Amino acid sequence: MPKTQTTKVDVAILGRTYRVTCAADELDALQAAARRVDVAMRQVQRAGVALSLDRIAVMAALNIANGHFAEDDAAQAAAPQLQRLTAKLDAALEP
């Protein structure tokens, strides 16, 4: 099995720089994730009381996870309707 080429990249999150190694073809996704984490942590930090960096990170992680699960739930709820619409389209397009 060929070894995946990796690269090192610096990402900035809440004013700190972290050096991360990732697959070269995942660089853009990693940078986007780092920006999302940075934004989430800044929102938590601005929201109120002085929190430690650890607590800010945990709260941001919970907010991101909650948003992800909400998107998954919405997609699962829409799946049956999409299947019915696909079946209707398939029937309408049959010769």
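The side chains of Arg-19 and Asp-10 meet in a salt bridge with an N-to-O distance of 2.8 Å, where a salt bridge is a side-chain nitrogen of Lys or Arg within 4 Å of a carboxyl oxygen of Asp or Glu. By this rule the count comes to two salt bridges. The model is predicted: local features need pLDDT of at least 70, side-chain atom pairs count only at pLDDT 80 or more, and totals for chains, interfaces and linings use all residues. Residues are numbered from 1 along each chain as its sequence is written, and side-chain values use heavy atoms, with hydrogens and water left out.

**Salt bridges**

- Arg-19 is exposed at 59% relative accessibility, whereas Asp-10 is partly exposed at 42% (buried means under 20% relative accessible area, exposed over 50%, partly exposed in between, with a 1.4 Å probe and protein chains only).
- Asp-38 and Arg-42 also meet through their side chains in a salt bridge, at 3.0 Å from N to O.
- Because Asp-38 and Arg-42 lie four residues apart in helix α1, about one helical turn separates them (helices are DSSP runs of H or I with at least four residues, strands are runs of E with at least two, and both are numbered from the N terminus).
- Asp-38 is buried at 14% relative accessibility, while Arg-42 is partly exposed at 33%.
- Side chains of opposite charge can pair when their charged atoms come close.

**Nonpolar core**

- The largest nonpolar core has 10 residues: Val-9, Val-11, Ile-13, Leu-14, Ala-34, Ala-40, Met-41, Val-44, Ile-56 and Ala-60 (a nonpolar core is a set of buried Ala, Val, Leu, Ile, Met, Phe, Trp, Tyr and Cys residues joined through side-chain atoms within 4.5 Å).
- Two or more residues of this core come from each of β1 (6-13), α1 (27-46) and α2 (53-93), and α1 gives the largest share, four residues.
- Leaving aside neighbours within four places in sequence, Met-41 is in contact with Ile-13, Leu-14, Leu-53, Ile-56, Ala-57 and Ala-60 (contact means heavy atoms within 4.5 Å).

**Leu-14**

- Leu-14 is found in the loop between β1 and β2 (16-23) and is buried at 15% relative accessibility.
- Although Leu-14 is not a glycine, its phi is positive, at about 55°.

**Val-37**

- Val-37 is found in helix α1 and is partly exposed at 28% relative accessibility.
- Beyond its neighbours within four places in sequence, Val-37 is in contact with Ile-13 and Ile-64.
- Val-37 and Ala-61 are 24 residues apart in sequence, with a C-alpha to C-alpha distance of 7.7 Å.
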